[in-house]
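Please look through the sequence and the model below before reading on.

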Amino acid sequence: MKHRLTIPVVVAALALGGAAACGGPPEPEGPTPEELEQARQDSIEAARRAAMEDSLARAREQARRDSIAAAEARRAAIAAETEAAMAIINEMIFFDFDRSAITPTAEIALMKKLAVLRANPNVRVRIAGHADERGSVEYNRALGQRRAEAAKSFLTNRGIDASRVTTVSFGEDRPMVNESNEYAWAQNRRDEFSVIAGGDQMRNPEGQ
């Protein structure tokens, strides 16, 4: 007995066969030109934001480094100025044999000290008078005191408050040069100066 296929059945069969031959349902359509352009613009904007953030981060880091460098430079400048001012205060002055009068050379040194003390009103100093070994211990102790007082009077007579300057005498007890000759005696006839308060940060008027 022969079967007879109707036209609709044949058409349906052909359609199914064609779909199978093409590998399944039709491929979806790709992005439109508008979508591609939008994606490109989004990529450009993301790159721009990333570059801006990177630039800001580098600028902040550079500003931080500059601030640290500036602070270090200020500290170094203050330390150098303090050291220079301290060197002026610490400079010794010397006296003639058996004398406590301020010599012209000592006066130059004292004028520099005077400028530093005026520029640093919180600084207090101690002046220690010394003598060479000639003479008695008692005499040299008194001579050392007169030498210290002479330097103090030089400063206080020019406006430095007396409370900022203390004096002491070591007489012949602390020689700078332990010898018995003219050179050693000349070095030992001296006033020594030291800062006893306010020396952490000092201005140097000579450096202005």
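In this predicted model, the count of salt bridges comes to 10, where a salt bridge is taken as a side-chain nitrogen of Lys or Arg within 4 Å of a carboxyl oxygen of Asp or Glu. Side chains of opposite charge can pair when their charged atoms come close. One of these pairs is formed by aspartate 54 and arginine 58, whose side chains meet at 2.9 Å, N to O. Both residues belong to helix α2, where they lie four residues apart, about one turn of the helix. Aspartate 54 is partly exposed, with a relative accessible area of 41%, whereas arginine 58 has 51% relative accessibility and therefore counts as exposed, the limit being over 50%.

A second salt bridge links the side chains of glutamate 61 and arginine 64, at 2.7 Å from N to O. These two residues are three apart in helix α2, so about one helical turn separates them. Glutamate 61 counts as partly exposed at 28% relative accessibility, and arginine 64 is also partly exposed, with a relative accessible area of 44%.

Arginine 134 and aspartate 132 provide another example, their side chains meeting in a salt bridge at 3.0 Å, N to O. Is aspartate 132 buried or exposed? Its relative accessible area is 3%, so aspartate 132 is buried, while arginine 134 counts as partly exposed at 26% relative accessibility. There is also a network, in which salt bridges that share partners join Glu45, Arg48 and Arg49.

The helix that holds the first two of these pairs, α2, can now be followed along its length. Helix α2 has 58 residues, and the distance from its first C-alpha to its last is 85 Å, close to the 86 Å expected at 1.5 Å a residue. Which residues of α2 are buried? They are Ala71, Thr82, Ala85, Ile88 and Ile89, and the buried residues of α2 pack against α3, β2 and β4.

Helix α3 can be read in the same manner. Its 16 residues should span 22 Å at 1.5 Å a residue, and because the end C-alpha atoms are 23 Å apart, the span agrees with that expectation.

The strands named here belong to a sheet. Strands of a sheet pair through backbone hydrogen bonds, either parallel or antiparallel. In this model four strands form an open sheet in the order β1-β4-β2-β3, and the pairing is mixed.

Strand β2, residues 124-130, and strand β4, residues 190-197, run antiparallel and are joined by six bridges. Within this pairing, alanine 128 has glutamate 192 of β4 as its bridge partner. Helix α2, residues 33-90, packs on the sheet, where it touches β2 and β4, and its direction makes about 140° with that of β4. Helix α4, residues 137-156, lies across β1, β2, β3 and β4 and runs at about 155° to β3.

Two single residues remain to be considered. Asparagine 188 is found in helix α5, which covers residues 182-188. At 3% relative accessibility it counts as buried, because the limit for buried is under 20%. The side chain of asparagine 188 reaches the backbone nitrogen of valine 177 at 3.0 Å. Leaving aside residues up to four places away in sequence, asparagine 188 touches His130, Ala131, Asp132, Pro175, Met176 and Val177; among them is Asp132, the aspartate that meets arginine 134 in a salt bridge.

The other residue is aspartate 98, in the loop between β1 and α3 (104-119). Most residues other than glycine have a negative phi. Aspartate 98, although it is not a glycine, has a positive phi of about 55°. With a relative accessible area of 28%, aspartate 98 is partly exposed.

Conventions. Residues numbered from 1 in each chain as written. Predicted model: local features only at pLDDT ≥ 70, side-chain atom pairs only at ≥ 80, totals over all residues. Heavy atoms only, no water. Pairing = 2+ DSSP bridges. Contact = heavy atoms within 4.5 Å. Axes fitted to C-alpha atoms, helices over the stretch in contact; angles between N-to-C directions. Buried < 20%, exposed > 50% of the residue type's maximum accessible area, 1.4 Å probe, protein only. Polar contact = N/O pair within 3.5 Å; in protein donor to acceptor, adjacent residues only side chain to side chain. Expected span 1.5 Å × (residues − 1).
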